[in-house]
Every structure is written in structure tokens, then in C-alpha cells.
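Take a look at the model below. Let us walk through it step by step.

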Amino acid sequence: MSLRAFLHDRHVRRGVRDMMVFGPGLGAWGLVTGVAMVQSGLGVPLSLLMSFTVLSGSAQLVSLPLIASAAPMWITWASALCVNLRFVIFSSQWRVHLGHLPRGRRLALGYLLADLNLVVFQKAWAGSGSGHQTGQARYAAGGAVSLWIVWQGGSVAGVLLAALIPLEWGLGFAGTLSMLGIAYSLLNDRAAWVAAIVSATAAVAAFALPLRMNIVIAIAAAVAASLLMARAGKAAEALGREA
Amino acid sequence: MATFVSRGFFLWSKRDVQMPAALQRALQVAPLAAIVAITAPEIFLAHGELIATWRDARLLSAAAATAFYAWRPGVLGPLLAGLAVYMPLRLALGW
């Protein structure tokens, strides 16, 4: 597909539009990550390199203190992998919709797909039936490209502005606040509320675990809770039919 | 590299990965759970301990962002409302 055709494609445009709802929060989070990289002593060129290659806010924020304290390379790697374990779960979801693409495309697109891409994607295609639908790959690509541009824009701005922003302002919390807004906008049914409450509780309770394994535990707990809820719902239905 | 490996994990193989439909549905809450799991400790914990006082810039800031979201949903609005509470408390009062 030519660039022109890509930019005018209906599904690509919808993907871009849906992602841009989150544009401000994403840009702010990118900015904060950019500032954090430089302020941890990484230097401007290395920070830019990290931003363009790692492309994962949480993994970057987790590995920064490790790099700064000159921890062994394998520990940095291991903790980044643990934080990113959730993407392993997500990729099984993407497979349903992108499995038909050639492997090269699949992996290239997969590399760009972050948390928010999957969330927005699921919202947009909910109720369109299970399995692959026409236009889904283009929709995902549109969202992925626009997220990349906004994120890198914020991140590069943060790297360049870092020297001007004092550490005491605690701008790191802006990233948390933008995640909070994103999380609220995803709470659209009871299952989502239960998952969020379970996940928050588990993440706080398991915080003492090394390598931020609490994130993985929290996701597992939320998924297990939603499995149980679905089963309980079915049981209640069956009881209602019998009565 | 870690990003590439994890995000491509289930996209590598040509064969279909079979999963029960119930598990597929339950996995749909995973992204939300991940975002909440990263966010919640940042708000409720300080140095690995639960914050025990309400006189905390982060708790009040998150409360302000929540209130703003209830009034006008979005991402930027709550972010600015939260920062408007956070920065003065932190800079002026040192909370």
C-alpha cells in the first residue's frame, strides 16, 4: 500500500481518530519519560536512542534507576522483561486479529502495539464478531503510527527540555495522573470495575516483590477474577432458568 | 529488544494458538489491569509503605483528578486538575 493510500484509508483514519482521544495524556506521559531519562543521568543522545528503540514507557521508567546505579546488565534486562510480560498476554489477543498477516508484518506491527492500542482496538471492534474482520490490521496500524508519533514527540521534547525543569517539581506524577485518566475512561462495565479493583489491590499488596513482578501478579489476579465472574454469571443464569 | 520479544511472543508462530473462549474473554481485562497495576502503587504507596495520612500531595491530587473526571471525562482535564493541586502542595508546603 502506498503512503498516500494508507493516509486516506477509512480504517486507518478511524484508528488514528480513536487514538487521538488519548493524545494529550500520551504526550504528557512521553514528556515525563523524556525528562526522567535525562535527569537520571543518561545524557541526551542515549536518552533519544532509548526512546526510539525501547518504546515502552513503563519498561524505560523501571530500567532507568537500574542503569543509573550501574546494576548488572542482566538485571536491567530481566526487570524490563518482567514489566513487559503483560505484552506476552496481549500478543495472544492480537493474534486473533492479526494472525493472517505475513510474519514480518505481524512482528513489525506487534513491536509498535502498546497497552493503549489494544484497549482502543477492543472498544472499537467490540460486537463485530469473533475472529478476524476486514480492516482490523489497517485500523491497528493507524493507531500504532499515531501513538508512536505523539509518544516520540512528547519524549523528545522532554529530553530537550529536561535541563529547564527542576526535579523538585515532581513532574513524574503527571505521568501517573494521565494513566489515571486513561484508566477511568476504560471503566465502562461491571467486569472492568471488578478487574480494576482487584488489580489495584494486588499491585499494592505485592509491591514488595522484586523486578516489579507485582504488575504481572495483579494482571493474573484480575484475569482470574473476571473468569470467576463469568462463571458465576452463567451459574446464576442457569439457576434462574430452573426456578 | 525486550519490547520486541514480549510484544511479538504469540505473533511469531505460524500455527494457531488455541485458547478456550472463556479465557479469551477474561484476557480482555488484561490491558486495563496492567494500567491500574502500574498506577495504583504510585498513588497509594510511599517508599513501599501505604500512605497513612491524608496530608499527602499525591492522594489529594488523585482525588482532584477523580473529581474532575466525574464532572468532565477526558484525559487532559483531570491531568491538569491533579497537577494544579499537586504542585502547590509539594512546592509550597513540601508534602
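A residue counts as buried if 20 or more other C-beta atoms lie within 10 Å of its own, and as exposed if 12 or fewer do. Keep in mind that this is a predicted model.

Start with one helix. Helix 4 of chain A spans residues 44-54. Its buried residues are A:Ser47, A:Met50 and A:Ser51. An α-helix has 3.6 residues a turn, so residues three or four places apart point the same way. Now turn to the face directed away from the buried side. There helix 4 of chain A carries the exposed residues A:Pro45, A:Phe52 and A:Thr53.

Step back to the whole of chain A. It holds 13 helices and zero strands. The pattern along the sequence is α-α-α-α-α-α-α-α-α-α-α-α-α. Chain A has 243 residues, and 46% of them count as buried. Take the contacts in chain A with a separation of 6 or more: 74% of these join residues 24 or more positions apart.

Next comes the partner chain. In chain B, 54 residues are in contact with 70 residues of chain A. Which elements of chain B give two or more residues to this side? They are helix 1 (2-8), helix 2 (21-27), helix 3 (30-44), helix 4 (57-71) and helix 5 (76-93) of chain B. Helix 3 of chain B gives the most, with 15 residues. By type, the residues of chain B on the side that touches chain A divide into 39 nonpolar, nine polar and six charged.

Key:
Residues numbered from 1 in each chain as written. Chains lettered and ligands numbered in written order. Predicted model: local features only at pLDDT ≥ 70, side-chain atom pairs only at ≥ 80, totals over all residues. Contact = placed C-beta atoms within 7 Å. Helix = DSSP H or I, 4+ residues; strand = E, 2+ residues; numbered from the N terminus. Nonpolar A, V, L, I, M, F, W, Y, C, P; charged D, E, K, R; others polar.
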